[in-house]
Amino acid sequence: MITTKGSGALAEALKALKTIPNLTTLDLQSCEIGDNGGQALGEALKTNSTLATLDMRNNSIGEHGAQALGEALKTNSTLATLNLSENSIGENGAQALGEALKSNSTLANLNLTFNSIGDNGAQALGEALKSNSTLATLALASNSIGDNGAQALGEALKTNSTLATLNMRNSSIGEHGAQALGEALKTNSTLATLNLSENSIGENGAQALGEALKSNSTLANLNLTCNSTGDNGAQALGEALKSNSTLANLNLTFNSIGDNGAQALGEALKTNSTLATLDMRNNSIGDNGAQALGEALKTNSTLATLKLARNSIGDNGAQALGEALKTNSTLATLNLSENSIGDNGAQALGEALKANSTLATLSLSENSIGENGARALGEALKTISTLTTLELARNSIGDNGAQALGEALKTNSTLATLNLLRNSIGDSGAQALGEALKINSTLATLDLYSNSIGDNGAQALGEALKINSTLATLNLQSNSIWYKGLLAFSEALKSNSTLITLALEENLIQPKTVEAFSEALTNKSTLATLDLTCNLIEDNRIQALGEALRTNSTLTSLYLAGNLIDGSGVQALAGMLKMNSTLTTLDLKNNSTGDNGAQALAGALKINSTLTTLDLWCNSIGEIGAQALAEAIKTNATLTTLYLQDNSIGDNGALALSQALRTNSSLTTLDLWGNSIGDIGAHALADALKRNSTLTTLYLQNNSIGDNGAQALSQGIQMNSTLTTLDLWYNHVTDKGAMALYKMSHICLVGTQVRFEHTSLRLI
């Protein structure tokens with residue numbers, strides 16, 4: 001496999017095709033290829049006899065490049081996968097590829113997502129499918145195919161005997177297009193996956209597809225997300241499922257389905273013997289619909305996943321589903337998050353779990369479950385042997401509920417993930433969980449974010465970590481842990497050998513605590529992520545942490561945002577970066593790095609070869625600091641993301657960074673939001689864009705860029721082939737500059753939305 005990037009990517013690729021005798025895979029995504037590159041590769045493919053996979057997504061290839069590739073496919077006998085997504089081949093390019101498919105006998109996978117092929121392009125591909133005998137996967141998402149295009153593809157499917165997957169997500173297809181596809185499915189014998197999500201097929205389109213499913217014997221996956229099928233459409237699909245014997249996965253998310261639609265699908269599930277996944281999130285299903293589905297689960301023997309999150313199911317609906325779980329022997333995942341389930345519903349589900357032997361994941365987040373409901377679930381956990389994930393975030397279980405769950409964890413031997421985020425758990429609840437962790441041998445993830453845990457609770461959890469040998473992730477962000485609790489964690493880290501992620505954001509870390517953590521990190525062999533955000537940590541304590549990380553070989557992410565770190569503290573961290581070989585993410589946002597600190601970090605970046613993300617948002621960095629960072633970026637080859645939002649680098653800082661971007665080959669995201677950059681800086685950045693071949697995201701919001709700067713950026717975008725996001729919200733751009741950018745928006749963004757707000761432009 002050859003993966004090549006940058007301005008020399010095409011030359012390298014062409015050379016590889018000629019000199020590597022067994023080359024089978026060539027990855028050229030997001031390079032500077034364009035039509036000329038497409039034509040050159042097309043010529044190479046005419047004689048190449050080994051390449052099987054060619055990825056050319058996001059390369060500004062237009063119709064001429066696609067036409068050249070089409071010509072190549074007429075004679076090429078090895079290419080099996082071609083990815084041209086996120087280009088601009090248009091209908092002419094699609095027509096050329098369609099002509100090629102009529103004679104090509106090897107291509108099995110073709111991805112044309114985001115290419116503006118329209119009706120005519122889809123019609124050409126449809127004609128090709130009538131005679132093509134090898135294509136198995138065709139991706140046409142986000143192409144404005146419309147009903148005419150869908151009708152043409154439908155006609156093709158009546159005779160095509162190889163296509164197994166067709167993706168037409170977000171393609172402006174209405175009921176007439178869906179009806180044509182439905183007619184095709186009545187006779188087609190190969191299509192297994194059809195994605196029509198984010199279209200407008202409505203109830204009539206759903207009814208047509210339902211009719212087709214009654215006789216179709218191959219379709220296994222149907223995605224109708226966000227199509228306004230309503231109850232009538234769901235009822236038609238329910239009728240179809242009574243006789244259909246192949247559909248395994250049906251996605252009906254965001255379709256305004258109410259109780260009537262759910263009842264129809266429930267009736268179908270009583271006799272259907274193939275459906276394994278039913279996704280009905282974000283609908284309007286209430287207790288009656290849930291009761292119908294519950295009745296169905298009592299006899300259904302195939303459904304493994306049922307997703308009903310964000311509906312209107314209350315206790316009665318949960319009780320009905322609970323009754324079903326007592327006898328059901330296949331359901332493994334049940335998602336009831338964001339409904340209106342209270343203690344009674346949770347108690348019913350808890351009772352059900354005692355008898356159920358298959359459910360592995362139960363999601364009950366964002367309901368109204370209190371301590372009684374948690375107690376019932378805890379009692380169930382004492383005896384069940386299958387549940388591995390329990391999601392109870394944003395309920396109100398409190399200390400008593402946490403204590404009940406803690407008691408359960410002492411004997412439970414299967415639960416691996418427990419989410420108790422925002423549940424009003426205090427010290428006594430945390431203490432109970434800590435006691436449980438001393439004995440429990442399966443829990444790997446415990447989320448206690450945003451509760452009311454203080455030092456006593458933290459100490460109990462810390463003591464548990466000294467003994468526990470399975471917990472890998474512990475989230476205690478936004479609690480009220482002070483010195484004693486945090487000291488307990490630092491002591492635990494010295495002996496614990498499994499914890500990988502410890503999140504302590506927004507607690508109240510004291511100076512001696514940081515020193516204790518630093519000492520633990522000197523010998524720590526497993527911790528990979530440490531979050532100390534918003535803890536009032538000062539420079540002298542950061543110096544100790546920096547010293548520890550010079551020799552630490554496990555930590556990959558360090559979050560220190562919102563502390564009291566200034567130049568000397570940052571200099572200590574910079575010294576660490578010169579020696580550390582594992583850290584990939586350093587978050588210092590909202591500190592006081594200043595120019596001296598930025599200069600120290602720049603010096604480290606010239607040596608460091610592992611850091612990929614550096615966040616210096618709101619750090620009082622001026623042009624001198626920006627100039628130092630720019631010098632470092634010229635030679636650094638690993639940093640991919642640099643956040644400099646809300647500093648004061650001005651035009652001179654932007655000029656320096658622009659010079660660096662001309663030669664840098666690793667940076668993909670640069671955030672310069674709120675930096676007093678004017679037209680001079682914008683001109684410099686535009687000039688850099690003409691030469692840079694890696695940057696994909698550039699944030700310039702809330703600066704002082706006017707029409708001249710906007711016009712310059714539009715010219716830079718025109719010559720750049722990698723930038724996908726440019727944000728200029730809240731500058732001084734009028735309609736004149738906005739239109740210049742708008743004309744180029746098809747180059748820098750796929751599916752661009754342009755918003756005019758107070759004569760400012762934002763490409764998002």
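Let's start with helix H7, residues 175-185. Its buried residues are Gly177, Ala178, Ala180, Leu181, Gly182, Ala184 and Leu185. What lies over them? The cover on the buried residues of H7 includes helix H6 (146-157), strand E8 (193-195) and helix H8 (202-215). As a reminder for reading that list, an α-helix has 3.6 residues a turn, so residues three or four places apart point the same way. And please keep in mind, everyone, that this is a predicted model.

Now let's step back to the whole chain. How many helices and strands are there? The chain has 27 helices and 29 strands. For 764 residues, a compact globule would have a radius of gyration near 27 Å, and the chain comes out at 29 Å, which agrees. The C-alpha trace spans about 75 × 70 × 55 Å along its principal axes. Of the 764 residues, 58% are buried. If you take contacts between residues at least 6 apart in sequence, 88% of them join residues at least 24 apart. As for the surface, the chain exposes about 26400 Å², with carbon and sulfur atoms supplying 45% of that.

Next, two helix pairs. In general, two packed helices are described by the angle between their axes and the distance between the axes.

Which residues meet? On the H13 side they are Asp343, Ala346, Gln347, Gly350, Leu353 and Lys354, and on the H14 side Glu371, Asn372, Gly373, Ala376, Leu377, Glu379, Ala380 and Thr383. That contact divides into five nonpolar, five polar and four charged residues.

The other pair is H17, residues 455-467, with H18, residues 483-495. Here the axes come within 7 Å and cross at roughly 5 degrees. That makes H17 roughly parallel to H18. From H17, Asp455, Ala458, Gln459, Leu461, Gly462, Leu465 and Lys466 meet Tyr483, Lys484, Gly485, Ala488, Phe489, Glu491, Ala492 and Ser495 in H18. The residues of this contact divide into seven nonpolar, four polar and four charged.

Glu295 is partly exposed, because its relative accessible area is 39%. Where does Glu295 sit relative to Glu267? The two are 28 residues apart in sequence and 8.4 Å apart in space, C-alpha to C-alpha.

How values were computed
Residues are numbered from 1 along each chain as its sequence is written. This is a predicted model: local features need pLDDT of at least 70, side-chain atom pairs count only at pLDDT 80 or more; totals for chains, interfaces and linings use all residues. Side-chain values use heavy atoms; hydrogens and water are left out. Contact means heavy atoms within 4.5 Å. Helices (H or I, at least four residues) and strands (E, at least two) are DSSP runs, numbered from the N terminus. Ala, Val, Leu, Ile, Met, Phe, Trp, Tyr, Cys and Pro count as nonpolar, Asp, Glu, Lys and Arg as charged, and the others, Gly among them, as polar. Buried means under 20% relative accessible area, exposed over 50%, partly exposed in between (1.4 Å probe, protein chains only). The radius of gyration is taken over C-alpha atoms; the globule rule is 2.2 Å times the number of residues to the power 0.38. Accessible areas come from the Shrake-Rupley method with a 1.4 Å probe; for residues, only the protein chains shown count as cover. Axes are lines fitted to C-alpha atoms, for helices over the stretch in contact, and angles run from 0 to 180 degrees between N-to-C directions. Angles under 35 degrees count as roughly parallel, over 145 as roughly antiparallel, 65 to 115 as roughly perpendicular and the rest as oblique.
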